[in-house]
Amino acid sequence: MSIMSDLPLLLVKDLSVGYRTIKGLQYAVRDVNLKLSKGECVAIVGESGSGKTTLVNTIVGYLPQNAFVKGSIYMEGRTIRSDNKVDSDFVRNRWKYIALVPQASMNIFNPVITIASHFVDTAEAYGVDKSEALARARKLLSVVKLDPDKVLRMYAHQLSGGMKQRVAIALALLLNPKVLILDEPTSALDAVTQKQILDLLKELRRIYSISMIIVTHDITVANYLADTIYVMYGGRFVEYGKRSEIMTNPMHPYTVSLLGSVPTIRSKNPFSEFTLKRGDVSFRGCPLYYRCPFAQNDCINTVNEVAISQTHHVFCNHVSEVEVTMYGKDY
Amino acid sequence: MARIIEARKLVVIYDIRKGLFSRGKVVALDNVDFDIDEGDSISIVGESGSGKTTLGKVLAGIQPLTKGSILFYGKDIRELGKDEYIKYRRSIQYIPQDPYSSFNPFKSIESALMSVVKYHKIADRKNAYSVISGMLKDLQLDPDEVLDKYPHQLSGGQLQRIALARALLIRPKVLIADEIVSMLDASLRLELINLLRQVQREYGLSVIFITHDIALARYFASNGELVVMHNGKIVERGSTMEVIENPRDEYTKLLLSSHLEPEFR
């Protein structure tokens, strides 16, 4: 039993995902390792094209026909994916293991059926009958602070953006998944609604200790919610660590530039002076090779994983130079 | 400083369809007063539906008013003669949020910019190319790289800078930048705002920066003014630092408390 509980809830090992296109195999995610413990909230932060959506779609198993996968994904020690093979029990019961709230969750609803039908249809697909589904839907909708009597009878177009996002979260929780993945949960919402949704997610974590993966381009969202932050660039993780390690002591030049580009209202941004030059992603070695002021010839071939602490890892060959420049020699 | 625009009691009401037969009305602007002086830096912040885009379009003369008046250098725009009206429209340039839909997808960047130069008679045939490439260089773009491209071949950041170039070619006095950074990645946003501030200084422009992000609003107009809009009304207006430090309106307070301030320590 003790061995069981030590197993991470979700483990992604040496995962690469490519798409077969007319230009050949194009990798969107390369050599990614990720661990999610029970009750933990992991944030994957990256800009557009960094591969973050492909990564979570691979975890859930929603990939187009032309995708090519290498590597494995384990859930509580059980293999749910090995290269292109996905465990059949996982496919059948996917929503019970992992629920995904996709990026365009504003548009996931069927416009011609009521919200209640969305819950019933999803539940029936997994063998839960109608009355049970509606009972669960009522409970979940009140958990996400909506009025079930009103919302269940409504159609998607009658809901505001924030309400749709709440319904999408309730729908994701319908089969009590072990992991909840949210892809850009607040990118289409205004600041006030964004805060309300993030506070709701915080509360879900506090009360139900739901394990979550949040995908976001906004590092302040990650900072607000996550225990662990993974920073992604050009299909690779460039740095990961505890929230405070990433926010206060970023070691990868890309993370520093990402933090430096956050506009602040009251505090001063200590990283705002550091900017990267424009350039393409390098597909060999370090993805930041063409943009990084610290890059040297060795960066084009390999990149080493350096442990700053047990939890804080950075993929950079020249960590000590970064450290001297960013934090001074005495650091 | 001369006053370029003096807008009084602006009201815009949109007719909308509610269902199949019934019609409703939406008050997008509700008795808004707004002035633009030479050299102003003003950020307008508000959530979607607050009327900020409508206000920007009304000031630029591309959205008809339901009620109210706009004075351009003291003269009502409805009483301007033809030449004066053209001067007004040229003086106030509006840059929309999505550059991919504001450029004709079938026209190369060169022909898109060339048609602006021709239409507004900015330069003759011989000098047109050098005027355009000079402007692109001012916006840190390489003319050889972008001129023969089509909009879909360029990144959002590049295209948004070309949209800036297109507006600046006309030598406006006021730029109204409506959410011009919201489509861009975080690391490019501050870069584009810095560039906007740079061209503002170089060309002596007034810039109205419309955004939903109060931190970006603050960043752009740190020495200017901040205008907060909610439900078609201006709920607060003042120097940016004053509004951020001593917000008076409840909505401004809510907006500030909803901002996710990063914790760097």
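Which residue, its phi positive, follows helix 4 of chain B? B:K121 does, with phi near 50°. The model examined here is predicted: local features need pLDDT of at least 70, side-chain atom pairs count only at pLDDT 80 or more, and totals for chains, interfaces and linings use all residues. Residues are numbered from 1 along each chain as its sequence is written, while chains are lettered from A and ligands numbered from 1 in the order in which they are written.

Helices (DSSP runs of H or I, at least four residues) and strands (DSSP runs of E, at least two) are numbered from the N terminus. Helix 4 of chain B spans residues 109-119. Its buried residues are B:I109, B:A112, B:L113 and B:V117. A residue is buried if 20 or more other C-beta atoms, placed from the backbone, lie within 10 Å of its own; 12 or fewer make it exposed, and values in between partly exposed. Viewed down the helix axis, these buried residues fall within an arc of 135°, so they line one face of helix 4 of chain B. The arc is taken over the directions from the helix axis to the C-beta atoms. The cover over this buried set includes helix 5 (125-138), helix 6 (143-146) and helix 7 (156-169) of chain B.

Chain B also meets chain A. Contact (C-beta atoms, placed from the backbone, within 7 Å) links 26 residues of chain B with 27 residues of chain A. On the chain B side, helix 8 (186-203), helix 9 (214-220) and helix 11 (250-258) each supply at least two residues. Helix 9 of chain B gives the most, with 5 residues. By class, this side has 13 nonpolar, 5 polar and 8 charged residues. Ala, Val, Leu, Ile, Met, Phe, Trp, Tyr, Cys and Pro count as nonpolar; Asp, Glu, Lys and Arg count as charged; the others, Gly among them, count as polar.

In chain A, strand 9 (residues 211-216) has 6 of its 6 residues buried, so the strand is largely enclosed by the rest of the structure. A:S211, A:I213 and A:V215 point one way, and A:M212, A:I214 and A:T216 point the other way. Strand 9 of chain A pairs in the parallel sense with strand 3 (residues 41-45) over 5 bridges. Pairing requires at least two DSSP bridges between two strands. Here A:V45 stands opposite A:T216. Strand 8 (residues 179-183) of chain A also runs parallel to strand 9, joined by 5 bridges. A:D183 stands opposite A:V215. The chain passes from strand 8 through helix 9 (residues 191-208) to strand 9 of chain A in a right-handed β-α-β crossover. With the strands pointing away from the viewer, right-handed means a clockwise path from the first strand over the helix to the second.

Chain A is assigned domain 1 (2-248) and domain 2 (249-331), with bounds from an automatic or database domain assignment. Their C-alpha centres lie 28 Å apart. Contacts join 16 residues of domain 1 to 18 residues of domain 2. Strand 11 of chain A gives the most to the domain 1 side, with 7 residues. That side divides into 7 nonpolar, 5 polar and 4 charged residues.

In strand 11 of chain A, 6 of the 7 residues are buried, so this strand too is largely enclosed by the rest of the structure. Strand 10 and strand 11 of chain A pair in the antiparallel sense over 6 bridges. A:Y230 stands opposite A:Y240 in strand 11.

Note on methods
Contact = placed C-beta atoms within 7 Å.
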